[in-house]
Amino acid sequence: MSRALAGKIRMAEEIGRVAAAETTSSSPPSISQSRWAWPSVLRWIPTSTERIIAAEKRLLSLVKTRHVQEQVNIGSGPPGSKIPWFRSTSNEPRFINTVEFDSKDSNSPTLVMVHGYGASQGFFYRNFDALASRFRVVAIDQLGWGGSSRPDFTCKSTEETEAWFIDSFEEWRKAKNLSNFVLLGHSFGGYVAAKYALKHPEHIQHLILVGPAGFTSETDQSAEWVAKFRATWKGMIFNHLWESGFTPQKIVRGLGPWGPDLVRRYTSARFGSHSTGDVLSEEESALFTDYIYHTLAAKASGEQCLKYIFSFGAFARKPLLQSASHWKVPTTFIYGYHDWMNYQGAQQAREEMKVPCDIIRVPQAGHFVFIDNTSGFHSAVFYACRRILSPDNNSEDLPLPQSLISA
């Protein structure tokens, strides 16, 4: 079984076990606990867009660098519009939640950061200070996630789903008047970033893909285990859930007032006792858990992309490996040493690329390498952008920092 799917299945099973425990051993908050808790009892899913933004502000209070949060208008369209991210029963404008961090140098290059599936820009909170020392950092919530607009997801194909993310990002870029920037994407955000760079290479100085999804397909020989796993009872259940559009967020919403504690238990396990690197402090854990809950429990939108982009097993329906020969942007891959995503897909892609390409593995880190080993991740990003950060200092000959591993 692939490490990517194995990791996802372990996560799903853990969430399921915690969810079962919650429904059998917990009870909703009672009036006797506190009077202010009563409104949360009335609201089955205790969240809203306002609570997402408030949780984001609390989490970003840990960041010392000055920053500005804004809702960037990417336009609107009439009901029935053929533009995928406009197509719904509403003609309200769409917004991309954006946070921009001051750089110490006004001439610093721009770094745009794109989160992965089920995440949002606040997941990079441990990185903003360090990266802002060398870049003008801009982080976004993709359309349909985090504090961005969550329009009805009406895509019905891989092409429409890719357009939802790629074209809405392009409208955001136009609204921000950005060009010639470094684009960093994590996991599914890496897939989106790569697809965007293939379509609009003229805007990208350098592409950084952090544990990117989508390089291999189910037809790859290494995917023979998929058929075997599907034949098992567990595989049939997971495959059915996948194709029916089931997402982990539905568990969180379905548990209503028990949802926050479910997320707390998962966060404590993944970034605490089961962490491969730096564990969260008590304050971080509380703020991060609150933030994650509100982003997961809000209205379903972008999360419904999953089955259109990937087949069961996290194999891309339109794998990036097939486009490697068309790559036009210098690229660096960054993986945690214990990453669910397999770096061998990047090695295969590099053989076909006609542009500079580095593959870096960061020790003591898993899929969330930027949380698990922040210093290693920052070193990898700075090394990836050495030609941009130090264009006059023979940066081409700089050795890879000893704390990192070249693949």
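**Figure 1. Phe 128 is buried, with a relative accessible area of 0%.** Here buried means under 20% relative accessible area, exposed over 50%, and partly exposed in between (1.4 Å probe, protein chains only). The model is predicted: local features need pLDDT of at least 70, side-chain atom pairs count only at pLDDT 80 or more, and totals for chains, interfaces and linings use all residues. Residues are numbered from 1 along each chain as its sequence is written, and side-chain values use heavy atoms, without hydrogens or water. Phe 128 belongs to helix α4 (residues 128-132). Helices (H or I, at least four residues) and strands (E, at least two) are DSSP runs, numbered from the N terminus. Lys 64 is 64 residues away from Phe 128 along the chain, with 8.7 Å between the two C-alpha atoms.

**Figure 2. Leu 60 and Tyr 125 are 65 residues apart in sequence.** In space, their C-alpha atoms are 6.4 Å apart. Leu 60 is part of helix α3 (residues 49-60). Is Leu 60 buried or exposed? Leu 60 is buried, because its relative accessible area is 4%.

**Figure 3. The structure holds one cavity of 30 Å³ or more.** A cavity is a set of points on a 1 Å grid over the protein atoms alone where a 1.4 Å probe fits but cannot get out; lining residues have an atom within 4 Å of a point. Grid points are joined across faces, edges and corners, and the volume is the space filled by probe spheres set on the points. The largest cavity has a volume of about 50 Å³. Its lining includes Ile 96, Val 114, Ile 140, Gln 142 and Leu 143. Phe 165, Ser 168, Phe 169 and Trp 172 also line the largest cavity. Which helix gives the most to this lining? Helix α5 (residues 158-176) does, with four residues. By class, the lining has seven nonpolar, two polar and no charged residues. In these classes, Ala, Val, Leu, Ile, Met, Phe, Trp, Tyr, Cys and Pro are nonpolar, Asp, Glu, Lys and Arg are charged, and the others, Gly among them, are polar.

**Figure 4. Glu 100 and Arg 136 form a salt bridge.** A salt bridge is a side-chain nitrogen of Lys or Arg within 4 Å of a carboxyl oxygen of Asp or Glu. A search of the whole structure finds 17 of them. In the Glu 100 and Arg 136 pair, the closest N and O atoms are 2.8 Å apart. The pair links distant parts of the chain: Glu 100 sits in strand β2 (residues 94-101) and Arg 136 in strand β4 (residues 136-140), 36 residues apart. Glu 100 is partly exposed, because its relative accessible area is 21%. Arg 136 also counts as partly exposed, at 26% relative accessibility.

**Figure 5. Lys 199 and Asp 167 meet in a salt bridge through their side chains.** The N to O distance is 2.9 Å. Lys 199 lies in helix α6 (residues 188-199) and Asp 167 in helix α5, so the bridge ties together parts that are 32 residues apart in sequence. Asp 167 counts as buried at 18% relative accessibility, whereas Lys 199 counts as partly exposed at 48%.

Figure 6. Arg 265 is partly exposed, with a relative accessible area of 33%. Asp 261 counts as partly exposed too, at 22%. Elsewhere, salt bridges that share partners join Glu 70, Glu 100, Arg 136 and Lys 176 into one network.

**Figure 7. Asn 177 and Gln 364 have a positive phi.** Most residues other than glycine have a negative phi. For Asn 177, which is not a glycine, phi is about 55°. Asn 177 sits in the loop between α5 and β5 (181-186). At 70% relative accessibility, Asn 177 counts as exposed. Gln 364, not a glycine either, has a phi of about 50°. Its place is in the loop between β10 (357-362) and α14 (369-372). Gln 364 counts as exposed, at 56% relative accessibility.

How values were computed:
1 Å grid on protein atoms, 1.4 Å probe; cavity = no way out; pocket = protein on both sides within 12 Å on 5 of 7 lines; lining within 4 Å.
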